[in-house]
Amino acid sequence: MSNVLRQRANTGRAKALAEGWSPAALRFAPGQQTVVQFSNGEEAGASCLRCTDAPCAKFSDEETIPSNFDRFPADRNPDVCAAGAINQPDGGGAPTIDAARCILCGVCSSRCPVGAIRLIPGQGAIVDDVPNVAFIEVADILREQHLTDRQAFEGLPAEGAQLIENDALVDEVFGRMQRAWVRVGDRFPNLLARNLLLGAGIGASVGRKGNNHMRMDLILSSPAVEHGVAEVEFGQEAVLDAPRDTMDALAVLASRYGWDLNSITAVVVTDVLPNRRSEYWHIIQDISNVFGVQIGTVTVFLLMLFNWNRRTLELGEGQPFYADRETESYRAEVLELLIGRAVYLSNSPRPQIDIAK
Ligand code: SF4
Ligand code: SF4
């Protein structure tokens, strides 16, 4: 059986909202089709509007370049899916998702204003595309009308989450991630980090491959960050070098490009947290003590939580990701603080979630 899930009756025709059906709210439930509440008092399942410029599949050019640093050699790779699982057919229509490649990161679903992509544990993401009473097929649609339909979903009140964490899901997602990394190759961590940050509402641009004169991995920018830089390292060994690499990047940005050191948000993005005795936490603390620079540590799981919950990370004042040798629990002091609730996970040690002894 094909791995490409086609939860849709895609005839190649356009889709539109039926007359008199104006969306008022969205209701999400993990693995289930999103419910759209309409201002006429009726409800219907969310169904793909078959956008020609599918934001679930491609970033716009403006999203891939930093708004604060025009000399940064940005990789303009527009793919929303770092795992290469989502594609839009030539000529438009609903995207297709290869479930075997999907890592359930949630970036595509968080970018669909309609809520037409659901995340199914044990299976992968799928696009709901079956027409219904509210989402009707039309022979053709003017671009303006399509944009009006889509914009009607933006900023709607929403309840529920597209995916809720549990132990088995964490194991599944990180197993899928390891396989995707092998398949996609060495660009996978940087692209995944960029995409997850963009999905969580933080401007992020990735440096071009082979760009040796400006070695920072990601530049962070508006809407959430004025000036920022991120080093991306996956794996317990590789992440040990990340604080020093971050300092290199900060030195270059301050001395060659005039960025104010005190106003730069600096983070390391990693899939696993180094254990408690690791030199990593010591160096982070030394840098803070000596240079007054707080380098935050952002986990892939934290970013996925924001994408699954369609939440925007608000960085604001200070460094909310900062953790060092004194941090008793990354889970309690960073992750749960930022998401605003306790996570539904056991206390079994997982380096994706907390700092191990
Ligand atoms: S899944 Fe959503 S964003 Fe993607 S084409 Fe369909 S309606 Fe547009
Ligand atoms: S959930 Fe993530 S991995 Fe799966 S198709 Fe969407 S962007 Fe790709």
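Biologist: How many of the residues of helix 8 (residues 300-308) are buried?

Modeller: Please keep in mind throughout that this is a predicted model. A residue counts as buried when its relative accessible area is under 20%. In helix 8 that description applies to V300, F301, L302, L303, M304, L305, F306, N307 and W308. The helix is mostly covered, and the number of its buried residues is nine of nine.

Biologist: Which residue just after helix 8 takes a positive phi?

Modeller: The place to look is just after the end of helix 8, where the backbone takes a phi of about 50 degrees. The residue with this positive phi is R310.

Biologist: Which residues touch the most other members of the largest nonpolar core?

Modeller: This core holds 115 residues, and its largest share, eight residues, comes from helix 8. It also draws at least three residues from each of domain 1 (4-58 + 96-159) and domain 2 (186-339). The members that touch the most others are L192 and L302.

Biologist: Which residues does L302 touch, not counting those up to four places away in sequence?

Modeller: L302 is one of the buried residues of helix 8. With residues up to four places away in sequence not counted, the residues that L302 touches are L313, F321, Y330, V334, L335 and L338.

Biologist: Is A193 buried or exposed?

Modeller: A193 is found in helix 5, and leaving aside its neighbours within four places in sequence, it is in contact with L218, V232 and V269. Its relative accessible area is 0%. Because the limit for a buried residue is under 20%, A193 counts as buried.

Biologist: Which helices are linked by the salt bridge between E63 and R111?

Modeller: The side chains of E63 and R111 meet with an N to O distance of 2.8 Å, and E63 is partly exposed at 26% relative accessible area, whereas R111 is buried at 15%. The two residues are 48 residues apart, so that the pair links distant parts of the chain, namely helix 1 (residues 61-64) and helix 2 (residues 107-111).

Biologist: How far apart are the closest N and O atoms of K209 and D186?

Modeller: K209 counts as exposed at 59% relative accessibility, and D186 counts as exposed at 58%. Their side chains form a salt bridge, for which the nitrogen has to lie within 4 Å of the carboxyl oxygen. The closest N and O atoms of this pair are separated by 3.8 Å.

Biologist: Are E336 and R331 buried or exposed?

Modeller: The side chains of these two residues meet in a salt bridge, at 3.4 Å from N to O. E336 has a relative accessible area of 17%, and R331 has a relative accessibility of 12%. Because buried means under 20%, E336 counts as buried, and R331 likewise counts as buried.

Biologist: How many residues in the shell around ligand 1 are charged?

Modeller: Ligand 1 is surrounded by C48, L49, R50, C51, A54, P55, C56, P95, C112 and I117. Nine residues of this shell are nonpolar and none is polar. The number of charged residues is one.

Biologist: How many residues in the shell around ligand 2 are polar?

Modeller: Ligand 2 is surrounded by C81, A85, I97, C102, I103, L104, C105, G106, C108 and L119. Nine residues of this shell are nonpolar and none is charged. The number of polar residues is one.

Biologist: What distance separates the C-alpha atoms of P351 and C108?

Modeller: P351 lies in the segment after helix 9 (330-339) and counts as partly exposed at 28% relative accessibility. Leaving aside neighbours within four places in sequence, P351 is in contact with Q236, D271, V272 and L273. C108 is one of the residues surrounding ligand 2. P351 and C108 are 243 residues apart along the chain, and their C-alpha atoms are separated by 25 Å.

Biologist: What distance separates the centres of domain 1 and domain 2?

Modeller: The chain is divided into domain 1 (4-58 + 96-159) and domain 2 (186-339). Taken over C-alpha atoms, the distance between the two centres is 32 Å.

Conventions. Residues numbered from 1 in each chain as written. Chains lettered and ligands numbered in written order. Predicted model: local features only at pLDDT ≥ 70, side-chain atom pairs only at ≥ 80, totals over all residues. Heavy atoms only, no water. Near = heavy atom within 4 Å. Nonpolar A, V, L, I, M, F, W, Y, C, P; charged D, E, K, R; others polar. Helix = DSSP H or I, 4+ residues; strand = E, 2+ residues; numbered from the N terminus. Buried < 20%, exposed > 50% of the residue type's maximum accessible area, 1.4 Å probe, protein only. Core = buried A, V, L, I, M, F, W, Y, C linked by side-chain atoms within 4.5 Å. Domains from an automatic or database assignment. Contact = heavy atoms within 4.5 Å.
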